[in-house]
Structure formats: structure tokens, C-alpha cells
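Keep the sequence and the 3D view open, and try each task before reading on.

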Amino acid sequence: MTPAQKYIAFQTIVVREIRRFMRIWVQTLVPPVITMSLYFVIFGKLIGSRIGDMGGYSYMEFVVPGLIMMSVITNSYSNVVSSFYGAKFANNIEELLVSPTPNWIILAGFVIGGVARGLAVGLLVTLVSLFFTRLQIYSIPVTVLVVFLTAVLFSIGGLINAIYANSFDDISIVPTFVLTPLTYLGGVFYSIELLPEFWAKVSQANPVLYVVNTFRYGVLGHSDIHVGYAIGMILVAVLVGGAFALHQLTYSPRLRN
Amino acid sequence: MNIPALEIRNLEKTYPGGLQALKGIDLTVKEGEFVALLGPNGAGKSTTISILCSLVQKTAGKVSVCGYDIDTDFPTAKQQLGIVPQEFNFNSFEKVQDILVTQAGYYGVPAHIARDRADHYMKKLGLWEKRTTVARMLSGGMKRRLMIARALVHEPRILVLDEPTAGVDIELRRSMWQFLKEKNAEGTTIILTTHYLEEAEALCKRVAIIDKGELVADMQTRDLLKRLQVETFVLDVQGDLPKDFALPDYEAKVIDEHTLEVTLDKQKQHTANDLFVALSAQGIVVQSLRNKANRLEELFVRLLEQGRAA
Ligand SMILES: Nc1ncnc2c1ncn2[C@@H]1O[C@H](COP(=O)(O)OP(=O)(O)OP(=O)(O)O)[C@@H](O)[C@H]1O
Ligand SMILES: [Mg+2]
């Protein structure tokens with residue numbers, strides 16, 4: 001394939017992915033907006049007003065970046081996992097596998113599709129948050145970079161999950177038993193300064209902690225951990241995850257006998 | 001020197017679990033040929049095709065498509081191939097035209113060209129009225145045609161069809177044959193698998209037969225049909241068969257009082273006419289007759305017998 005043909009193949013996958021989540025927008029775009037609005041009302045406003053400050057900010061200010069990030073994480077992950085697994089289940093992933101499209105383009109196409117959904121939901125949730133708080137952005141480059149990398153990272157995670165999954169149950173196991181706990185314990189709702197030293201250390205192994213804090217830094221200028229270090233960790237995770245996903249796409253007996 | 005459209009050398013496949021589906025297949029298809037790949041269920045036809053398009057990884061052997069070795073340049077090899085799989089595998093929630101344009105995109109065809117080609121093949125294959133219908137609402141025959149159109153939108157040099165006419169009625173089957181003949185006349189090399197000898201007869205000058213992972217025959221269709229010298233018919237007789245009747249020149253078997261099985265052997269100069277004369281002479285009236293087995297099954301039996309004798 002020439003570079004121009006590869007670009008067309010990439011574009012085709014991305015457009016198809018976007019068309020897919022737009023077609024079923026009631027399942028893909030509406031629920032996160034409703035959930036997050038409830039979080040804003042309940043945690044941010046009702047309970048938050050009794051909590052007082054967190055990390056030097058009002059609780060609403062503190063929790064909004066975390067919740068935006070949480071929706072980016074879950075939505076990019078679930079977009080890729082359901083789209084890819086669905087294609088595998090109905091065998092129409094074969095349309096791509098028999099084509100000359102290289103595996104890294106397939107990976108890139110699905111990941112950017114997931115990023116598009118993550119960003120679309122992130123944007124919608126951000127718009128809703130404007131009803132509750134004034135959002136001023138401390139550092140646009142950090143904010144944009146971290147949202148993008150996070151969406152990429154969790155889209156890759158979704159793809160790996162989809163390749164391994166043998167049933168629709170398997171694509172909800174990881175989100176339920178891994179992703180949700182990691183997000184709730186990843187500093188979305190509290191600053192890890194509140195934790196005893198031991199648990200604060202344990203939390204450092206949680207990737208969600210890095211993305212949430214880096215994003216919060218981009219928005220508020222406050223982070224529990226060093227921002228450069230966090231971005232480095234996210235990049236490493238993207239590279240390792242991406243390499244593993246590519247390896248699976250190429251060699252997995254779950255895709256090719 | 002002409003590069004063959006497809007060259008398969010000593011192709012082997014052992015599935016995880018140990019089943020050896022291909023035991024060393026050799027097959028060469030010249031550019032422009034129309035070849036049938038015949039074989040009973042489980043012979044290894046689909047396995048062979050899946051190896052060509054990377055859905056199954058070969059265990060041993062060499063495959064090249066228009067001179068491109070799949071071990072060294074699989075993407076270019078795939079670009080030459082259009083595959084119509086045995087099972088439906090499109091996204092049934094997408095519209096017919098979207099499926100076609102998207103597939104072309106995977107081969108790097110720009111959208112405006114892809115749309116023209118999709119229109120062309122939808123018209124050619126009778127899908128034009130259904131272009132904005134989601135695929136799951138098509139009839140079985142339409143789904144087959146959708147898969148043929150999908151295999152052609154990137155204009156492959158070789159079209160490979162895995163049982164394209166399974167579950168398709170006679171009339172539609174004939175129109176699909178016509179379409180494939182035209183495509184072949186325009187220069188596309190075509191390989192198809194089928195369970196119908198009639199289909200191979202109508203379309204293909206050459207037939208290759210696979211059985212249990214081995215190539216058992218590869219010859220001109222004409223020559224193959226000559227081997228089909230023995231045919232067994234089931235005759236339904238009016239009234240009861242007389243007790244003392246005899247057909248000394250034929251291999252015959254009484255099934256019940258009004259059914260008879262007779263084998264005609266071309267080598268012994270048997271004709272249906274002579275048989276009827278012999279029966280009439282004994283006052284037997286044949287009401288109707290039919291082939292005992294499907295001709296292809298009969299052919300397999302003969303070929304395997306000959307193979308064992310040799
Ligand atoms: N994914 C698989 N894993 C294990 N064995 C398989 C797999 N696919 C096919 N086989 C086995 O390989 C053999 C050849 O199957 P194949 O599908 O190639 O036959 P076929 O000639 O296409 O038959 P049919 O006419 O029924 O389509 C069969 O014994 C089948 O059970
Ligand atoms: Mg088959």
C-alpha cells in the first residue's frame with residue numbers, strides 16, 4: 001500500500017468508528033452526561049458544600065476535573081472494547097483482516113475512534129460542569145496533552161480487552177472489576193494527601209492517579225504528584241500498551257487461526 | 001514468462017488441537033482461468049481460501065498471488081485478491097452502500113471512486129433498490145450478492161468465492177453464473193468452491209478436487225466428466241414388478257415391488273433407450289426415474305475407487 005492508500009484506510013476506520021457511536025448516541029453520549037450531572041449535583045453541590053476545601057480548592061472545583069477525566073477514561077475504553085469485540089463476534093473484523101491494511105493502521109484507527117468518543121463525552125461533560133463551577137484553565141498544553149494521551153491509553157486497553165474477550169461478559173468484567181475501582185481509588189474524589197502514607201504509596205501504582213492529577217494540574221495548577229513524572233509514566237504506558245496491542249493484532253490466535 | 005495468478009506449493013495446515021486439514025496441496029492457476037475447487041464437507045477448501053487471505057496461518061508450504069509471496073509481501077498479495085467467504089460476515093447493522101464503500105476504503109480506494117464502483121456493482125448484482133437498506137434486512141440471496149459486490153470494489157485480479165451459490169435459487173444461480181462468466185471474460189481470474197458438479201460444468205474449464213486435505217484430481221472438466229461413466233438410476237414402475245423378470249446385461253437391484261435400481265455403464269455401451277426396450281419387452285412400464293446419488297457424490301466414489309485400485 002502506498003502512504004496515500006494507508007491514509008485512506010486509516011480515515012475509513014476512523015469515520016466508521018465515529019459513525020458507529022453517533023448512530024447509537026442514546027447509548028453512547030447521553031448516559032455519561034446524565035451520570036456526571038448527577039455526580040456534580042450530589043457530590044459537588046450537596047455533599048461537597050459540607051466537605052469544605054480539598055487540596056486548597058472548593059470541593060466542586062476539585063472534583064470537576066476528576067469527573068471529566070473519569071468520563072474520558074470509561075468512554076474511550078468502552079468505545080473500542082464494544083466496537084472491536086462486536087466486529088469480532090459478528091466476524092466482520094474479517095473485512096479488515098483480509099484487506100492489505102497494516103495492523104498498526106487498524107490499531108491507530110480504532111484508537112482514534114475511541115479518542116473521538118472520549119473527547120466528545122469529555123467535552124459534553126465539561127459543558128455541563130459550567131453550570132456548576134467556573135472553569136478556568138491553568139495550562140492549555142498540559143490539559144490538551146493529558147486528555148489526549150489518556151484517551152489513547154484507555155482506547156488501547158479496550159482493544160486488548162476486546163481481542164482477549166470470548167463473550168460479551170468478558171468485555172464488562174474488566175471495566176467492572178478493574179477500571180471502576182481504579183478510577184474511584186485514583187484520586188477523582190479525594191486528594192491522596194488525605195491517605196495514610198502507606199496507602200498513598202500504594203496509590204502510586206494506579207495509572208488513573210497520574211492521568212487525573214495531571215489533568216487537574218492542567219485545569220487548576222494543583223497536583224498531588226509531579227506533573228512531568230506523571231506525563232512520562234502515561235507515555236510509557238501508551239508505548240508499552242500500544243506495542244502489546246499491535247503484537248496481539250498481528251499474532252493472536254483469537255483473530256487468526 | 002507468465003506469472004501465475006495463484007501458486008500453491010505443498011501447503012499444509014494443522015489446526016491447534018492437532019487436526020491436519022491440509023496435507024500438502026499443490027495448485028497453480030493461470031491468469032484468466034476459471035477454476036472450480038470441489039470436495040466433500042470438511043475437505044479443506046475453506047481452509048485453503050482462509051490461508052490466502054490471512055485468516056488462517058499455514059503450517060508449511062508456499063503461496064504466491066500474482067507473484068507476490070505471502071511470506072514476504074502479504075499486503076500486496078492481498079491487494080490482488082477479492083474474497084467471498086462461505087459465511088456472511090458483514091456488519092448487519094450497516095447499509096449496503098456503506099458496507100461497499102467502507103470495504104473499498106480498507107484497500108485504499110478513494111471515496112469518490114469507491115462510491116462509483118459500489119453503484120456499478122449494486123446495479124449489476126440487483127442490489128440497487130436496496131442500497132440504503134441495512135444488511136440484516138436483505139434476503140439470503142441478496143446477502144450473497146452483497147458479498148460478491150464487496151469482494152469486487154477494489155477491482156482485484158483474482159476473485160475467490162467459497163460456495164457462492166449455497167442457498168440460492170435456480171434462477172438467481174443462473175444470473176450469478178452469467179455475471180461471473182462476464183467478469184472472467186473481462187480478465188478476472190476466478191476460483192470457486194462448490195458442491196454442485198453442474199456449477200463446475202457450467203463455468204469452469206478446469207476442476208481441482210480436494211478430499212481429506214489432499215488434492216485427488218486436477219484436470220479439464222471435460223476429462224473429469226468422462227470418468228463419470230457409470231450412473232445409477234432409480235426407476236419407479238407402474239404396477240408390480242413381474243416375479244420372473246431379468247436384466248442380464250445390467251447391474252440391477254430390486255428395491256421393492258415397484259422400485260428398481262439400474263446402473264448404466266457407458267463402457268458397456270449402455271444407453272437408457274436399450275434399457276427401456278429391455279424393460280418393455282417384459283411388460284414393465286417405467287413411470288419415472290431419477291439419479292440415485294448426486295452426480296458429484298457418484299464421481300467422488302468412482303475417483304476414490306480408482307485411486308485405491310491404482
Ligand atoms: N478453526 C478451526 N479449528 C479447528 N479445525 C478446523 C477449523 N476450521 C476448520 N477446521 C477443520 O478443518 C477441516 C477442513 O475444514 P474446511 O472448512 O476447510 O472444509 P471445507 O472443504 O470448506 O468444507 P465445507 O464444504 O463443509 O465448507 C475440517 O475437518 C474442519 O473441522
Ligand atoms: Mg468450506
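**Exercise 1. A strand and its neighbours**

How many of the 8 residues of strand β11 (residues 230–237) of chain B are buried? Find also the strands that are joined to β11(B).

*Solution.* A word on the source: this is a predicted model, in which local features need pLDDT of at least 70 and side-chain atom pairs count only at pLDDT 80 or more, while totals for chains, interfaces and linings use all residues. Residues are numbered from 1 along each chain as its sequence is written, chains are lettered from A and ligands numbered from 1 in the order in which they are written, and side-chain values use heavy atoms, with hydrogens and water left out.

Step 1. Strands (E, at least two residues) and helices (H or I, at least four) are DSSP runs, numbered from the N terminus. Buried means under 20% relative accessible area, exposed means over 50%, and partly exposed is in between, using a 1.4 Å probe and protein chains only.

Step 2. Count. In β11(B), 7 of the 8 residues are buried, so the strand is mostly covered.

Step 3. Look for partners; two strands pair if DSSP finds at least two bridges between them. Strand β13 (residues 259–265) of chain B runs antiparallel to β11(B) and is joined to it by 7 bridges. Here B:Val234 stands opposite B:Glu261. Strand β14 (residues 286–291) of chain B is also antiparallel to β11(B), with 5 bridges, and B:Val286 in β14(B) is the bridge partner of B:Val237.

Step 4. Keep a general point in mind when you view the strands: in a regular strand, side chains alternate between the two faces of the sheet.

**Exercise 2. The magnesium ion**

Which protein atoms are the donors of the magnesium ion (ligand 2)?

*Solution.* Step 1. Donors are N, O and S atoms within 2.8 Å of the metal (3.2 Å for Na, K and Ca); water is not among the atoms, so sites may look incomplete.

Step 1. The protein donors are OG of B:Ser46 and OE1 of B:Gln86, at 1.9 to 2.1 Å from the ion.

Step 2. B:Ser46 belongs to helix α1 (residues 45–52) of chain B, and B:Gln86 to the loop between β6 (81–84) and α3 (96–106) of chain B, so the pair ties together parts that are 40 residues apart in sequence.

Step 3. Check their accessibility. B:Ser46 is partly exposed at 24%, and B:Gln86 is partly exposed at 27%.

**Exercise 3. Around ligand 1**

Where does ligand 1 lie, and how many residues surround it?

*Solution.* Step 1. Ligand 1 lies between chains A and B.

Step 1. A residue is near a molecule or strand if one of its heavy atoms lies within 4 Å of it. There are 15 residues around ligand 1, and the closest are B:Asn41, B:Gly42, B:Lys45, B:Ser46 and B:Thr47. The largest share of this shell, 3 residues, comes from α1(B).

Step 2. Sort the shell by class, with Ala, Val, Leu, Ile, Met, Phe, Trp, Tyr, Cys and Pro as nonpolar, Asp, Glu, Lys and Arg as charged, and the others, Gly among them, as polar. The shell has 8 polar, 5 nonpolar and 2 charged residues.

Step 3. Look at individual atom pairs. An oxygen atom of ligand 1 is 2.5 Å from an N or O atom in the side chain of B:Thr47. An oxygen atom of the ligand is 3.1 Å from a polar backbone atom of B:Ala43, and a nitrogen atom of ligand 1 is 3.4 Å from an N or O atom in the side chain of B:Tyr15.

**Exercise 4. Two positive phi values**

What is phi, roughly, at A:Asn91 and at B:Lys212?

*Solution.* Step 1. Most residues other than glycine have a negative phi.

Step 1. A:Asn91 has a positive phi near 65°. A:Asn91 sits in the loop between α4 (59–89) and α5 (93–97) of chain A and is partly exposed at 34% relative accessibility.

Step 2. B:Lys212 has a positive phi near 50°. B:Lys212 is in the loop between β9 (206–211) and β10 (214–220) of chain B and is exposed, with a relative accessible area of 56%.

Definitions and conventions
Polar contact = N/O pair within 3.5 Å; in protein donor to acceptor, adjacent residues only side chain to side chain.
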